[in-house]
Structures are given as C-alpha cells and as structure tokens.
Amino acid sequence: MENNDQSRDSSNNTQPNDEHIKTLKGHEALEKLKAIATKAENCFFCTNIKTGLPVSIRPMNVLQVDDEGSLWFMSMKDSTKNGEISSDPFTHVLFQESTNSGFLNVYGITEISTDQAKIDELWKPLLKTWFQGGKEDPNITLLKVVPTNVYYWDNKHGDVVAFAKMAASVITGKTMDDSIEGNLDF
C-alpha cells in the first residue's frame with residue numbers, strides 16, 4: 001500500500017518531537033483498521049473521484065474488513081454508485097468511530113462482485129431493509145474496496161483518558177493532548 005504522510009496537515013502540534021505520529025504496519029495496522037471501521041458510527045462512501053465533479057458521497061455500513069484489509073459493502077447492481085464505480089473504480093471511504101476518536105481516511109480501488117457464497121457469508125437479516133428481494137436477489141452486488149492509502153487519527157489511551165486530559169487542559173490552561181495519527185501500512 002502506498003504511503004502518503006498526511007501528518008504535515010495535522011492540527012496536532014502540541015506534542016514534542018512528533019510523539020503523536022505513529023505509522024502502524026502489518027498485523028497492528030490491520031487490527032487498527034478493523035477496530036475503527038467495524039465500530040464506526042459514521043461511514044461515508046465516495047465515488048466519482050477521478051471522472052467527474054461533484055464527488056458522490058453517501059452513508060454506508062461496512063459489512064466486513066477481511067484479513068487483507070479489504071472493506072466489504074453491499075450495493076444494488078443498478079445503483080448510481082455501481083455505475084460510477086464501473087466508470088471510475090477509485091473510491092474514498094471515511095469513517096468516524098465516535099465524536100473524539102477513531103477516524104479513518106481510506107483511498108482504494110473498488111471491485112464489484114456477484115459472488116453468491118460471499119453474499120451468503122455477509123448477509124444479515126437487517127439487510128432486507130435495503131435489499132427486499134433477500135440474499136438471492138440477482139440485483140445484489142458486493143463492493144470490495146482494496147485500500148491503497150489509509151490514514152488514521154485516534155487517541156493513545158482510550159476515550160476516558162483522552163476526556164480526562166482534555167478536561168485537565170481546560171482547568172490548567174496547559175495542553176495535554178492524547179491524540180495519535182499516522183499511516184496504516186499492510
């Protein structure tokens with residue numbers, strides 16, 4: 001996966017010596033991706049990245065992060081997003097786990113699949129809300145996003161410690177930042 005150091009764009013300059021920047025590699029990177037993507041309260045799936053403006057953005061739910069770091073979504077074959085992916089497979093997926101932590105910025109190449117075995121594996125009864133024909137509906141497809149660049153922002157010690165440090169910063173006037181960010185390299 002290509003690395004693109006986004007730390008220069010960070011607003012976090014309160015920690016000395018870039019202590020807030022940590023690239024995660026291999027298994028540690030995969031675990032961070034899985035942890036944030038599967039717990040995310042918000043996910044925005046963006047298409048039409050290279051072929052046109054405006055970029056198309058819609059909320060979606062990731063169904064799985066596999067052991068290679070690919071993100072799996074479900075979509076209808078005749079949807080606008082599938083049409084856009086067919087013309088331009090470059091996608092951008094943004095995750096927000098909670099208000100103050102767990103952000104992911106994922107660029108990738110999306111493949112459209114009709115693999116029924118994988119559809120069966122990922123199917124959940126709640127999906128019938130959007131896919132009323134059930135898992136055998138011939139209009140169901142899977143979107144497999146293969147990441148090419150992933151960047152994360154999180155906190156080092158969990159939300160409770162981060163909140164305590166933020167509260168202490170307000171009281172003391174001294175910045176006590178608990179954030180961490182960096183590339184995820186699989």
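Which residue forms a salt bridge with lysine 22, and how far apart are the closest N and O atoms? The partner is glutamate 28, and the closest N and O atoms of the pair are 3.6 Å apart. A salt bridge is defined here as a side-chain nitrogen of Lys or Arg within 4 Å of a carboxyl oxygen of Asp or Glu. The structure is a predicted model, in which local features need pLDDT of at least 70 and side-chain atom pairs count only at pLDDT 80 or more, whereas totals for chains, interfaces and linings use all residues. Residues are numbered from 1 along each chain as its sequence is written, and side-chain values use heavy atoms, with hydrogens and water left out.

By the salt-bridge rule, the count comes to 6. Solvent exposure is classed by relative accessible area, computed with a 1.4 Å probe and protein chains only: buried is under 20%, exposed is over 50%, and partly exposed lies in between. Lysine 22, at 37%, is partly exposed, and so is glutamate 28, at 41%. Another salt bridge joins lysine 34 to aspartate 67, with the closest N and O atoms 2.8 Å apart. This pair links distant parts of the chain, 33 residues apart: lysine 34 belongs to helix α1 (residues 26-39), and aspartate 67 to the loop between β4 (64-65) and β5 (71-76). Helices (H or I, at least four residues) and strands (E, at least two) are DSSP runs, numbered from the N terminus. Lysine 34 is buried at 19% relative accessible area, while aspartate 67 is exposed at 58%.

Within helix α3 (residues 116-122), glutamate 121 and lysine 118 lie 3 residues apart, about one turn of the helix. Their side chains meet in a salt bridge of 3.3 Å, N to O. Glutamate 121 is partly exposed, with a relative accessible area of 49%, whereas lysine 118 is buried, at 12%.

Helix α1 has 14 residues and reaches 20 Å from its first C-alpha to its last. This span is close to the 20 Å expected at 1.5 Å a residue, the expectation being 1.5 Å times one less than the number of residues. Buried positions in α1 include Ala29, Leu30, Leu33 and Ile36.

Nonpolar cores are sets of buried Ala, Val, Leu, Ile, Met, Phe, Trp, Tyr and Cys residues joined through side-chain atoms within 4.5 Å. The largest has 24 residues, and those with the most contacts inside it are Leu71, Phe73, Phe95 and Leu104. Two or more residues each are given to this core by α1, β2 (42-47), β5, β6 (90-96), β7 (103-113), β8 (140-155) and β9 (179-185). Its largest share, 5 residues, comes from α1. Apart from this core lies another of 10 residues, among them Trp72, Met74, Leu127 and Phe131. With contact taken as heavy atoms within 4.5 Å, and residues up to four places away in sequence not counted, phenylalanine 73 touches residues including Cys43, Phe45, Met60, Val93, Phe95 and Leu143.

On the surface, Phe44, Leu53, Val55, Ile57 and Leu94 form a nonpolar patch with about 460 Å² of accessible area together. Isoleucine 57 is located in strand β3 (residues 56-59) and counts as exposed, at 55% relative accessibility. Asparagine 48 lies in the loop between β2 and β3. Although not a glycine, asparagine 48 has a positive phi of about 65°, and this residue is buried, with a relative accessible area of 14%.

Definitions and conventions
Patch = residues over 30% accessible without salt bridge, like charges linked within 9 Å, V, L, I, M, F, W, Y side chains within 5 Å. Areas by Shrake-Rupley, 256 points an atom, 1.4 Å probe, with all protein chains shown as cover.
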